[in-house]
Amino acid sequence: MTSDDKPAPDAQLTMQIDGDSREPTRVITLDRPDGGKVRVREWTSADWKEARESYRDAADLLDEIERAIASRRRVSADLITVRKWLAGS
C-alpha cells in the first residue's frame, strides 16, 4: 500500500464502545456519511481478527451510540464529535 492509498486522517472516526452482559465490546471505524449512509467497519471482543463491514443509516447509528451512553457504557469518542461526524460536519 502506498501513502496515496491511505484515507486522509480526517476521513474516518474510530471509537470503542464497551460491552455489557448482552453485547461484546466493539471497536468501530466510521467513514464520512454519504447520502445519509455511513460505511462502518466493526470488530468485537467475540472475534478481534475479522472486521464486519456494513453501510448504516447515520441517524440509526447515532441513536445506537446515544443509547450506549445513556446505559452508562463507555464510548471513547465524545457525543458532540459523533453527532458532528454523522451530520457530515
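Let's start with Arg73, which is buried, with a relative accessible area of 12%. It counts as buried because the cut-off is under 20% relative accessible area. Keep in mind that this is a predicted model.

Where does Arg73 sit? Arg73 belongs to the loop between H1 and H2. Leaving aside neighbours within four places in sequence, Arg73 is in contact with Ile17, Asp18, Gly19, Asp20, Glu23 and Ala68.

Not counting residues up to four places away in sequence, Thr25 touches Gln16, Ile17, Asp18, Gly19, Trp43, Thr44, Ser45 and Trp48. Both Arg73 and Thr25 have a side chain that reaches a backbone atom, as set out here.

| Side chain | Backbone atom reached | Distance |
|---|---|---|
| Arg73 | oxygen of Asp18 | 2.8 Å |
| Thr25 | nitrogen of Gly19 | 3.1 Å |

In soluble globular proteins, nonpolar side chains tend to be buried together. The largest nonpolar core here has 17 residues, and those touching the most other members are Met15, Leu30, Ile65, Val82 and Leu86. At least two residues of this core come from each of S1, S2, strand S3 (37–44), helix H1 (58–70) and helix H2 (79–87). The top contributor is H1, with five residues.

Finally, take a look at Leu86. With neighbours within four places in sequence left aside, Leu86 is in contact with Leu30, Pro33, Val38, Ala58, Leu61 and Leu62. Among these, Leu30 is, like Leu86, one of the core residues that touch the most other members.

Technical notes:
Residues are numbered from 1 along each chain as its sequence is written. This is a predicted model: local features need pLDDT of at least 70, side-chain atom pairs count only at pLDDT 80 or more; totals for chains, interfaces and linings use all residues. Side-chain values use heavy atoms; hydrogens and water are left out. A polar contact is a pair of N or O atoms within 3.5 Å; within protein, one must be able to donate a hydrogen and the other to accept it, and residues adjacent in sequence count only if both atoms are side-chain atoms. Contact means heavy atoms within 4.5 Å. A nonpolar core is a set of buried Ala, Val, Leu, Ile, Met, Phe, Trp, Tyr and Cys residues joined through side-chain atoms within 4.5 Å. Buried means under 20% relative accessible area, exposed over 50%, partly exposed in between (1.4 Å probe, protein chains only). Helices (H or I, at least four residues) and strands (E, at least two) are DSSP runs, numbered from the N terminus.
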